[in-house]
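Biologist: I should like to learn how to read a structure of this kind. May we go through it feature by feature?

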Amino acid sequence: METFLGIDYPTWWFLVVGGLFSGYAILDGFDFGAGAWHLFFKSGYQRRIALNAVGPVWDGNEVWLVIGGGALFAGFPLMYATFFSSMYIPFMLFLVFIIFRAIAIEFRGKEEMKWWRKLWDTCYSISSIMLAFLLGIVLGNVLQGIAIGENYLYQEAGFFEFLNPYSLMTGCTSLALFMAHGAIYLLLKTEGRMFAKLTLLLKKGMIFFMVSFGITTLYTLLYIPHLSDDFKQNPYLFIIPVLTFLSIANVPRLANKKRFRIAFFFSSLTIAFLLMLVAIELYPNLLMSSIDPKYHIDIYNSASSTKSLKIMMTFVAIGGPLVLGYTIFVYRTFKGKVQLDETSY
Amino acid sequence: MDTEILARIQFAFTVAFHYIYPPLSIGLGLLMVIFESIYVRTKKKEYHVLAKFWTKIFALTFGIGVVTGIVMEFEFGTNWAVYSRYVGDVFGSALAAEGIFAFALESGFLGVLLFGWNRVKPWVHLVATVGVFLGSMFSAIWIVVANSWQQTPAGYHIVGEGLNARAEITDFWAMVFNPSSVDRLLHVWLGAFLAGAFLVLSVHAYYLIKGRYVDISKKAFKIALVVATVFSLSQLASGHSSAEGVAVYQPAKLAAMEGHFAANAPADMYILGWVDKEQQRVSGIKIPGGLSFLMHYNFNSPVTGLTAFPKDERPPQVNAVFQFYHIMVAIGMTLILLTCLAVFFWFKKSLFEKKWLLWIFVFAAILPQIANQVGWFTAEMGRQPWVVYGLLRTSEAFSQAVTSNQILFSLILFFAVYSLLFLLFVYLLNKKIKHGPYDESEDDDRPLTKGITEVLTGNA
């Protein structure tokens with residue numbers, strides 16, 4: 001198989017997709033997280049600040065999902081087809097909530113009535129929570145393996161197959177992770193009493209995360225031992241979980257010192273490390289069959305042709321720096337605390 | 001109902017709904033760029049007001065476009081798994097290009113476009129507006145390339161057999177410039193410009209009739225009228241060129257568009273008509289040999305008809321294709337007529353006294369929308385029974401792992417949520433139009449305006 005810098009093309013594309021999904025999780029993670037806390041703020045003014053903290057960026061963050069999904073489709077079409085058709089219900093719910101959330105953001109500020117604001121605040125928060133949770137649910141199913149059979153087709157077609165103890169645990173973990181991450185983002189964007197309240201909320205969020213992450217890790221080690229195979233074969237990879245734990249521990253340490261900017265960096269890093277753990281656990285598989293290992297979908301049997309992957313690598317080499325450029329441009333423009341003006345929500 | 005039908009209904013419903021918005025984003029984007037460029041060059045406040053006003057309406061269409069677009073991408077995988085496996089290698093690279101070159105550009109600059117008016121200097125803001133507009137144009141390129149490949153596949157070869165067969169790319173540029181992509185891209189762009197221009201015409205015609213914001217509305221109306229006139233005329237040429245391409249590469253579709261059954265005979269062109277598929281005849285008002293003339297500049301030249309194809313390779317819904325196509329053409333002609341009439345009165349300096357014409361423009365905003373919709377219905381239904389022309393049948397392309405109950409569930413959900421979304425859109429659009437282009441706090445020129453260097457160096 002053809003390689004570039006000693007690494008084959010499917011592996012390169014695996015890294016690209018991983019990078020895009022990490023970017024997506026970090027970006028939409030903080031705005032789902034911020035949304036999840038929404039009902040914890042009691043005054044209308046605070047809720048408005050919280051909404052406008054994500055106001056200029058949530059649309060753009062969701063575009064990362066489109067790009068990540070496109071990259072998965074393009075690079076591993078077989079995986080995309082089996083994965084999306086097997087997780088039909090959770091993905092459909094995801095779509096409905098993502099639309100509902102957009103509706104709530106746009107609708108909320110348009111009328112003054114108290115019940116109106118309350119209604120859309122609740123919709124906004126619940127859909128943010130559900131989105132964070134559903135991402136975890138889907139990830140849990142991927143890690144655990146699903147019923148893939150002949151011709152790499154999904155064999156079950158029940159309505160609630162996607163709900164199982166493990167996916168519920170990963171769902172809670174991703175929700176908790178995003179909530180902690182979102183709280184830090186909001187801390188960067190707020191002042192005064194709201195800021196003080198958020199420091200308390202962040203503590204709660206961290207505890208929620210540590211507990212759910214701990215339980216999920218234990219469950220993974222005990223009941224899904226094959227996920228640790230890559231670590232057993234390559235002991236030097238143990239550095240990744242070590243770094244993950246250090247990065248997690250660094251977040252409350254920095255938050256205590258009120259150094260939220262670096263804390264935000266480390267909570268982003270934590271998300272990236274966690275996804276790196278997932279990537280190592282899976283590699284070279286993408287979707288494991290719970291029926292028979294011969295039906296595992298991996299990066300080789302699902303990859304597009306080398307020609308196609310090469311073309312797309314060229315796109316990434318040209319487009320990647322551009323994307324980074326305008327993302328920095330936007331965040332620089334809106335750096336600092338939220339200022340409401342006539343263009344705000 | 002069976003899975004295939006439900007999957008098709010769901011895809012048609014969600015994509016038709018989605019396609020209300022991207023053309024508006026592209027078309028309004030063009031007008032925003034024009035308004036804002038005039039402002040940056042002349043420093044005339046009214047163009048700033050116009051640019052800002054239309055940006056708000058743009059924001060609405062863009063937001064709905066993004067969320068309904070995510071649905072489309074997901075549906076390829078959820079509902080059309082076999083199709084995704086089959087085309088991924090080819091279609092995927094177009095989709096990846098769309099993500100990296102178009103969406104990232106749009107979304108990157110969107111924040112600055114919408115919320116940066118008080119944050120950056122005017123020309124930095126213009127850069128953002130142009131960035132978003134270009135992003136939406138690029139996005140059209142890649143998605144039309146992908147769809148055109150399904151109409152006229154090129155630059156690929158087929159590998160594997162049965163369920164594991166798939167198209168693999170052999171020549172990227174041949175895939176991008178497949179026989180129909182340039183024609184269809186121009187047609188889509190022009191349709192989008194018309195959708196945007198006619199919305200601007202509609203809103204400002206309404207203000208002119210009501211005597212509100214008169215000066216500013218006259219300026220906006222004239223600019224939008226120029227855009228609409230130029231592009232509705234160009235659309236005629238583009239449409240003709242598209243049809244010539246269809247005649248060569250998808251003769252069955254062309255035959256369905258005019259209800260032409262005879263295998264090899266001169267073909268008529270209908271102004272209005274009704275197709276009887278069983279009797280294989282069309283009743284209506286026609287120009288005998290008109291289609292032959294359009295394609296070969298000779299009223300007696302033969303055109304390949306539907307009976308030249310085996311029964312299972314003809315578009316099953318001939319009458320629907322015929323009607324959709326004719327509605328599109330009729331609207332195209334109406335738009336040319338309307339804009340030329342308005343230009344005529346403009347030269348006679350009596351345009352803004354013609355209340356009846358302004359009223360027509362108020363309601364004409366719906367016409368390009370309908371034309372865009374039925375145009376796509378013609379293209380997609382005319383391609384049936386194939387999802388990839390000549391290679392993969394629609395009946396073989398859907399997800400076998402998904403049950404009809406699951407699709408019914410999601411279809412009902414989409415129907416409910418999209419109804420709400422559409423209500424929201426109409427409500428907000430109406431509210432923004434009623435509110436008008438001026439903000440109470442319009443004079444709030446705060447000193448906080450960053451130049452490009454401050455943004456780049458990060459000094460707030």
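The dialogue below takes up confidence, fold, contact, core and hairpin in turn.

Biologist: What scores does the model have as a whole?

Modeller: This is a predicted model, and its scores are ipTM 0.85 and pTM 0.88. For chain B the mean pLDDT is 88, with 95% of the residues at 70 or more.

Biologist: Where in chain B does pLDDT stay under 50?

Modeller: Where pLDDT is low, the predicted coordinates should not be read in detail. In chain B, residues 442–448 stay under 50, and the model gives this stretch three contacts beyond four places in sequence.

Biologist: How is the overall form of chain A to be described?

Modeller: One begins with the elements: chain A holds twelve helices and four strands. Its radius of gyration is 20 Å, close to the 20 Å from the globule rule for 345 residues, so chain A is as compact as a globular protein of that length. The C-alpha trace of chain A spans about 60 × 45 × 40 Å along its principal axes. Of the 345 residues in this chain, 52% count as buried. Among the contacts in chain A with a separation of 6 or more, 78% join residues 24 or more positions apart.

Biologist: Which residues have the most contacts inside the largest nonpolar core?

Modeller: They are L31(B), W54(B), A197(B) and A224(B), in a core of 268 residues. The element that gives the most to this core is α4(B), with 23 residues. To look at one residue, W54(B) is in contact with L28(B), L31(B), M32(B), F35(B) and V200(B), its neighbours within four places in sequence being left aside.

Biologist: In which sense do strands β4 and β5 of chain B pair?

Modeller: Strand β4 (residues 269–276) and strand β5 (residues 281–287) of chain B pair in the antiparallel sense, over seven bridges. Y270(B), for instance, has K286(B) in β5(B) as its bridge partner. Four residues lie between the strands of this hairpin, in which Q280(B) takes a positive phi near 55 degrees.

Conventions. Residues are numbered from 1 along each chain as its sequence is written. Chains are lettered from A and ligands numbered from 1 in the order in which they are written. This is a predicted model: local features need pLDDT of at least 70, side-chain atom pairs count only at pLDDT 80 or more; totals for chains, interfaces and linings use all residues. Helices (H or I, at least four residues) and strands (E, at least two) are DSSP runs, numbered from the N terminus. The radius of gyration is taken over C-alpha atoms; the globule rule is 2.2 Å times the number of residues to the power 0.38. A residue is buried if 20 or more other C-beta atoms lie within 10 Å of its own, exposed if 12 or fewer, and partly exposed in between; C-beta atoms are placed from the backbone. Two residues are in contact if their C-beta atoms, placed from the backbone, lie within 7 Å. Two strands pair if DSSP finds at least two bridges between them. pLDDT is the predictor's confidence in each residue, from 0 to 100. A nonpolar core is a set of buried Ala, Val, Leu, Ile, Met, Phe, Trp, Tyr and Cys residues joined through C-beta atoms within 7 Å.
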